[in-house]
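Reader: I'd like to go through this complex with you and ask what stands behind each label. Could you show me the structure?

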Amino acid sequence: MTLEDKLERELEELGSTIRPNEKLINAVMSRIEEQGLAKQQGQVLLIRRIIMNRFAKLAAAAAIITVAAVVWSIFPTSVIPAAYALQDTIEAYNSIRFLHIRETESIFQLMRTSEAWLQCDKYGNVTRMRFQADWVNAIGPLTVVGGLDGTQAWLKRFNLVLQGRGDTSVILGYDVLQIEPKALFERLYQQEQAGEIILDINEPQEKREPIKVTVTYPQGSRSENWKKVLYVDQATKLVTKIEKFQFGGGQYNHVKTSEFSDYNQQIDPMMFNLTGEVPEDAKVVEMTDSETSLPQGDMTDEEFAREITRQFFEAVISKDFYKAGQLSLAAPGSMIEQSLSGANLLEILSIGPAYPDPDPDSNAMICSCKALLEFNGSYYELDAWRIRIVRVEKDPNLWLICDTDFLVIPAPGKITITHDNIGLDSVTYNSLKPGEFMKKWLVLGPLPYPTLGDIDFSSKEGQRIAFHTDNLDFVNFAPKVNIDGTEYEWAMLESEHGIIGLEELSEGSNNYTIDYVWAQIDMPEETKGTLGIGSDDGVKVWLNGELIHKNWMYRTVGVDNDRVPVLFKKGRNQLVLKIQNSLGYSGFCCRLLGE
Amino acid sequence: LQSDNELVSACLDGSKAAFEVLVRRYERPVRAVALGVLGDFHRAEDAAQEAFIRARKKLPGLRNQAAFGPWITKIAKHSAINIARRRVKVATQDSIMAEVIEQPDGRLESDKQRLLKVVMKLPKAHRHLIMLRYFSKYPVKELARITGRSVGTVTKQLSRAREQLRTQFERVGI
């Protein structure tokens, strides 16, 4: 049988599996009847016909429109054809003098909030502003005030005030234009004209309901997985809320919500300066644009973003904090030094590729860097997994680092893996000494997440299911295991350090993987104690086949992250851990802590 | 046999019968889409029902009436995803597993599930024809009538769609 025939037959068979369902058809039709959906269309119809016949004789159309207008006035709930355009909102902002904005941002499971207050001129352009955030990466609480004549940023954690002349948008890479609604609509308007966005405007019949403007981005563009929904008040045409989403795992996930309120409610002028808020002993540093960053020369944006990243980390390693500060946020060197809290950066381990930030509101380039760090005699890996690098507005040839998301994890020791003569004997502990890490394990992995229809395992639901799915016998060890039709073999792992990095076991990416580790413990007598377990990310623990602990978490390995009460029986005990990794590093540590 | 375009127009004129014809025409493709997401016949039926009700409500907003088929399958996919999400939310962590992974009854065999997945990955127009041809069991002549295209065009598109499926098959080694 040819492949074509086989395909034809399989398609026929698949089609026949889904038999006609008369019950379903009846159920649908009776629900439509119940909800009166067929009837409801009468009023809509009139307008539709006007649209459909617009190329018919003009006089006839005009007559129908007149009739429609009359019908409309009698039935105020009938549909109004969408008449809203972005320009309406841009114009509406010309009458705005004051405005309050509240933003909520989702970063993994965390929510970060910030607020801004804007004062505008008679053209609706921002003249004074105040921005405050409860937490900004590597900076802590931040307040920025200022206007066209200059800006001040108050960094409480550093007891530092940065002062800059000129526009607020250049200080600390903070861009007021990203939150200012008029500028935002002007940009949307330009993007629409240039065909860079897809707009869907939904203007509800009910006047109290907001107009919903949904912005999506064409396939192939850098923001193709993003979506923005703007809610516009029908009466005033001012925006009340903007929601931003990023697609992943089969659904749109919340990124940020901005709520706009208190339109034209006078803001106390004291809000726009820092008088009385900053302690007298705070250090005040003048910032000048001219000294910041490096010139791009003829490097591409990608090359230049990597170069800035490299030079920044090299400057920190050689303790040239002044230069590091100039490259990052155009901040004073003392601030960079202070943010290291006594840690020493020793070596760059790798610099990732650079690419344009997919966030539709960002003009930044993104890069990443891993470096070795020493702190109090211990070694750690600094994983700056998202470094945002922005162009300095006043000089397009200059860029600087404006924001860094990073993790610090203990640097794992050397690991030896063997594949021969795998059995529990090689990982049998004769009792466990409290406080000592278990460094010998059998390991099965990294295993891919189990397959599950169309549910994407990078989604929260997918990850949760992967965490709860186990197809393993936790009592009787077998050197080979068949999971989802694939055969896997256990291997023997021996680690130099107590913290065991599992990413070394992966040949490629170890994102979205699972590892099981198994050890056998001979106890001379029944022993009660506590296991100290660290994991990156989620962990499940079985003792003699019984699930004694589970923690579904996104985290890095820490010594004794979880303390698990345990009762070892006399004789042989089987201890199995499952480590689920979502993104990046993966690892674990385990030790007995005593009773 | 009326085209989708004609049927949607008739629906908007208040014809309940026209919508019933559309439901009959698409209930199997719609269930197939939901099945592709949920992997479970019973829940796919719930999703299909929800999709048709939503489609009926939103029908006046459908700009290209001839595109009813791809449109309703898109709604079906969203309904199915919503149902999958809802279940995950209400179920306890352990029962989700039982529900989604371990329950053997009412589920599509794995090779068919794989084939369905490949079909779902086809471009919109091709997927639409494959579904009407193999799930709704329409002969080519009627497909041409439904989609408002010539028999030649439909034959060519179907053959291209099968070609793509075959390439996919070879790629994933089904």
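Author: What follows is a run of questions about labels and the values behind them. This is a predicted model, in which local features need pLDDT of at least 70 and side-chain atom pairs count only at pLDDT 80 or more, while totals for chains, interfaces and linings use all residues. Residues are numbered from 1 along each chain as its sequence is written, chains are lettered from A and ligands numbered from 1 in the order in which they are written, and side-chain values use heavy atoms, with hydrogens and water left out.

Reader: How many helices and strands are there in chain A, and what makes a run count as one or the other?

Author: Chain A has ten helices and 32 strands.

Reader: Why is Thr143(A) called buried?

Author: Buried means under 20% relative accessible area, exposed means over 50%, and partly exposed is in between (1.4 Å probe, protein chains only). Thr143(A) has 10% relative accessibility, so it counts as buried. Its place is strand β4, residues 140-147 of chain A. Across chain A, buried residues make up 48% of the 595.

Reader: What is Thr143(A) in contact with, leaving aside its neighbours within four places in sequence?

Author: Contact means heavy atoms within 4.5 Å. Among the partners of Thr143(A) are Phe131(A), Gln152(A), Trp154(A) and Leu274(A). As for Ala133(A), it is ten residues from Thr143(A) in sequence and 6.5 Å away in space, C-alpha to C-alpha.

Reader: What makes the pair Lys244(A) and Asp361(A) a salt bridge?

Author: The rule asks for a side-chain nitrogen of Lys or Arg within 4 Å of a carboxyl oxygen of Asp or Glu. Lys244(A) and Asp361(A) come to 3.0 Å, N to O, so the pair passes. Lys244(A) is in strand β10 and Asp361(A) in the loop between β15 (355-356) and β16 (365-375), so the bridge ties together parts 117 residues apart in sequence.

Reader: Are those two residues buried or exposed?

Author: Lys244(A) is buried, at 5% relative accessible area, and Asp361(A) counts as buried too, at 11%. Another pair to look at is Lys540(A) with Asp470(A), a salt bridge at 2.5 Å, N to O. Lys540(A) lies in strand β28 and Asp470(A) in the loop between α10 and β22 (480-483), so this pair links parts 70 residues apart in sequence. At 4% relative accessibility, Lys540(A) counts as buried.

Reader: What about the salt bridge of Arg145(B) with Glu6(B): how do you know that it qualifies?

Author: The closest N and O atoms of Arg145(B) and Glu6(B) are 3.3 Å apart, so the pair meets the rule. Arg145(B) is partly exposed at 39%, and Glu6(B) is partly exposed at 36%. Over all chains, the rule gives 27 salt bridges.

Reader: How do you know that chain A and chain B share an interface, and how much area do they bury?

Author: 47 residues of chain A are in contact with 56 residues of chain B. Buried area is the accessible area (1.4 Å probe) that two parts lose on being put together, summed over both. Here that comes to about 5100 Å², with 64% of it on carbon and sulfur atoms. On the chain A side, Leu11(A), Leu14(A) and Ile18(A) lose the most area to chain B, together 13% of what that side buries.

Reader: Which salt bridges cross between the chains?

Author: There are five between chain A and chain B. One of them is Glu33(A) with Lys16(B), at 2.9 Å, N to O. The largest share of the chain A side that touches chain B, 13 residues, comes from α1(A).

Technical notes. Helix = DSSP H or I, 4+ residues; strand = E, 2+ residues; numbered from the N terminus.
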